[in-house]
Amino acid sequence: LVGLAPASLPRAHEIAIDGRVLGFTGATAALTALLFGLAPAIASSRVDVQPVLKGGGRTSVGGTRRLGGALVVAEVALSVVLLAGAGLLIRSFWQLQQVEPGFDARNVLMSQLYLSEETYPGRAEQSAFGGQLLEQLEQRPATESVGIATTLPLSGWSLGLDFRIEGRPEPTPGQEPGAGYDSVSPAYFRALGIPLKAGRVFTRFDDAEHPPVVIVSEALARRHWPDESPVGQRVRLEGQMREIVGVVGDVRHSALDQAVHPRIYTPFAQRPWPFARLVVRTRADAPTFVRELSAAIHALDPGQPASSVRPLDTLLTEAMAQHRFRSLLLAVFAGAALLLAALGLYGIIAHGVAQRTPEIGLRMALGAQTGDVFRTVLGQGMLLATVGLGAGLAAAIALARLL
C-alpha cells in the first residue's frame, strides 16, 4: 500500500513497521487464540454429561451458537458498511474521471522557468527571454504550439487578484470582485486547447509598447456581465485600466472536484513574472521531444532547470492520485471484511452441522429428504446473513449521506 500511495500523501515516508507495535500485535493474537481455544474446552469439562445426553446436546452449545451468531451478524453488517463506502468512493472516482478539465493535456510537455534577478533584473529582460524562447521553439518542426504562463491548471499553484469594473460603483470593503490570475503568452490557449468563446486571443503586438489588455474566462463573464458581452469593457487591474479583448473557456484550475472559478489573463509581454511555466504541444510523441525541448532551453540559458521537463498529463494523474488511493484502500479493507464475514458464517454453519449430526441422521431415518435438511441448515445461515445485511444497510445509508 505504501508503494501505491501518491507522492502527495502527507508523512508517507514515516510509514514503516514498528517493532514494538508488531510485538504487541503478535502477543495479542497469540493470547486471543489461547483464550478462545481454551474457553470451550474448560466449559465442556464442567458439563454434566447425563443431562446433556438426555437433551441432545442443545444446552451445551446454545450459548456458544448465540455468541457466534451475534459475531457473524456484526461481521456481515460491518462488511456491508465498508463495501458501501468503497462502492461510493469508486463511483466518485469514476465520475471524477469523466469531468472535463477545460484543457487538453495530450502530447503537451511542460517545464519550469526561473528568471533570476541576477540574470534578468527587470521586466524587460524577463519578457525578452520569454519571447526568444518562444521564437526558437516555434521554429522546431515537431512544435505545434508553445506558450508561457505563470501557473498551470492542477499544478497546485494559483494566483489571485482583485479588480474594479469601469463605470460601476466602488464596492464596499471586503466585497471587491476578484478572480484567479495568470500572465500568458499569445499561443498559450492554443497549446492547452482552451477554446476562444468571444473576441480574440493575445497577439505579439500586446506588449509593453501597446495599450494594456486582458482576457477573461466564461465564469467571470457570466458573473459580472450576464446580459452583455464583456469584450470592449474595461477593468482596473493592479492600478492600471485594461480593455477586455476576449473570452475563453473555463478551466478547472485548482482541482477536478471543485467548482470552476472566474479567471483573468494578462499578456506575458505586458506583465512578465520571474516564475513561469512553459508548455509545448508537439506533433511528435511527447517523451521523444523531451530531450529536444531541454536542449532548446539550455541553449538560451544554461542555468534553467531543464530537467523539470515532463508531460502535462502527469498533472491530471497526480490530481487523481489521492482519490485513486482512497478508493483502493477502502476496497482492500472491504474485501478483507467480506472474507472474514464469509469465514465466520461458514464456521457457524459448519459448527452447527457438526453439533446436529445425530439430529440430522434421525430426521433422515424418519423420512426427511435431502432438500429438507439443506433448507434447515442453510436457513440458519440465511437468517444471520439477513439480519447482518439489514443492520449493515441501515448504517450504510447514514454513511452514504456523510460521504
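Predicted model: local features only at pLDDT ≥ 70, side-chain atom pairs only at ≥ 80, totals over all residues.
Residues are numbered from 1 along each chain as its sequence is written, and side-chain values use heavy atoms, with hydrogens and water left out.

Helices (H or I, at least four residues) and strands (E, at least two) are DSSP runs, numbered from the N terminus. The expected span of a helix is 1.5 Å times one less than its number of residues. Among the buried residues of α10 are V373, V377, L384 and A396, where buried means under 20% relative accessible area, exposed over 50%, and partly exposed in between (1.4 Å probe, protein chains only).

Helix α8 (residues 313–355) has 43 residues and extends 61 Å from its first C-alpha to its last, close to the expected 63 Å. A bend of about 40° occurs in α8 at A321. Helix α8 packs with helix α9 (residues 357–365) at an angle of about 65°, their axes being 4 Å apart. Contact (heavy atoms within 4.5 Å) is made by V353, A354 and Q355 of α8 with T357, P358 and I360 of α9.

The largest nonpolar core contains 27 residues, of which Y188, F189 and L312 touch the most other members. Such a core is a set of buried Ala, Val, Leu, Ile, Met, Phe, Trp, Tyr and Cys residues joined through side-chain atoms within 4.5 Å. Helix α5 (188–192) is one of the elements giving two or more residues to this core, and its contribution of four residues is the most. Residues up to four places away in sequence aside, L312 touches F103, A105, V108, L109, M110, L152 and L192.

Residue L82 lies in helix α3 and is partly exposed, with a relative accessible area of 27%. Beyond its neighbours within four places in sequence, L82 is in contact with L330, F333, A334 and A337. The C-alpha atoms of L82 and P230, 148 residues apart along the chain, are separated by 50 Å.

Note on methods:
Axes fitted to C-alpha atoms, helices over the stretch in contact; angles between N-to-C directions. Bend = angle between axes of the 7 residues up to and from the residue.
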